[in-house]
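Opening the notebook on this one. I want to go through some side-chain pairs and then a helix packing.

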Amino acid sequence: MLKIRGLRSGYGRIEVLHDIDLDVPEGEIVSLIGANGAGKTTLLMTICGGPRATAGEILFDGRDISRMQTFEIARLGLAHSPEGRRIFPRMSVMENLQMGAIVADPAYFKTDLERVLTLFPRLRERLVQSGGTLSGGEQQMLAIARAMMGRPRLLLLDEPSLGLAPLVTKQLFANIAEINRAEKITILLVEQNAFQALKLAARAHIMVNGRVELSGSGAELLKDPAVRAAYLEGARPQTEIGPEAQE
């Protein structure tokens, strides 16, 4: 569904992504992990059109979207739930969901609303409440639900568990699995909780300093000694992951 080849991107003269190659097959959950500053968020933002790719291709269903505007990309069926949630705090939960539905066919609004409220029942209880007064977990639910209101085929999730309590995190990952299984939505997941991200993913990639240094199935990377040391046990710096770390 998503094929990235030779992607370069950054901010001004600072290049953050260096020759990224990455595939997201239709129907799968693909996880992307790495240290802070590795370029994970920049990659998701570049896929969505800002910042612009300076080289390479971003193919969505075979169509190069690297020069398209963000709203055009969204209309193709790609949605982004950004790091930090970025809901509209002064708008109600319902108004936030309506904003997410702007790129979708209005004929499906009621059906889609019921779908996300069934997935996140806490939001049903807070439809008239301002987004900014929700708890952190509820705001994250709203951010994902808002993205789903655009009827995406591919959902980009950036650090959904950041700052959440363990019990809330557990429920959130169950929701993500359900979105993929029941809603048939392909997911590219950037996540700080490496164990949960790898456990959930059919396949995963590890980014180091703007490059994809290691790829494999989630199960394979969970068993990899170098990955365990850097991301699951904290025994060595995360920047050591790569081919040289396995020699």
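**Salt bridges and a helix pair**

I looked up Arg-126 first: its relative accessible area is 18%, so it is buried (under 20% is buried, over 50% exposed, in between partly exposed; 1.4 Å probe, protein chains only). This is a predicted model, where local features need pLDDT of at least 70, side-chain atom pairs count only at pLDDT 80 or more, and totals for chains, interfaces and linings use all residues. Residues are numbered from 1 along each chain as its sequence is written, and side-chain values use heavy atoms, with hydrogens and water left out.

Arg-126 pairs with Glu-125 in a salt bridge, closest N and O atoms 3.0 Å apart (side-chain nitrogen of Lys or Arg within 4 Å of a carboxyl oxygen of Asp or Glu). Glu-125 is exposed at 59%. I also noted a network of salt bridges with shared partners: Asp-112, Arg-115, Arg-151 and Glu-183. The structure holds 14 salt bridges.

Next I checked Arg-122 and Glu-138, bridged at 2.6 Å between the closest N and O atoms. Arg-122 sits in helix α5 (residues 121-124) and Glu-138 in helix α6, 16 residues apart (helices are DSSP runs of H or I, at least four residues, numbered from the N terminus). Glu-138 is buried at 5%, while Arg-122 is partly exposed at 38%.

Then I turned to α6 (residues 136-148) and α7 (residues 166-182): their axes come within 11 Å and cross at roughly 10° (axes are lines fitted to C-alpha atoms over the stretch in contact; angles run from 0 to 180 degrees between N-to-C directions). That makes the two helices roughly parallel (angles under 35 degrees).

Notes: Angles under 35 degrees count as roughly parallel, over 145 as roughly antiparallel, 65 to 115 as roughly perpendicular and the rest as oblique.
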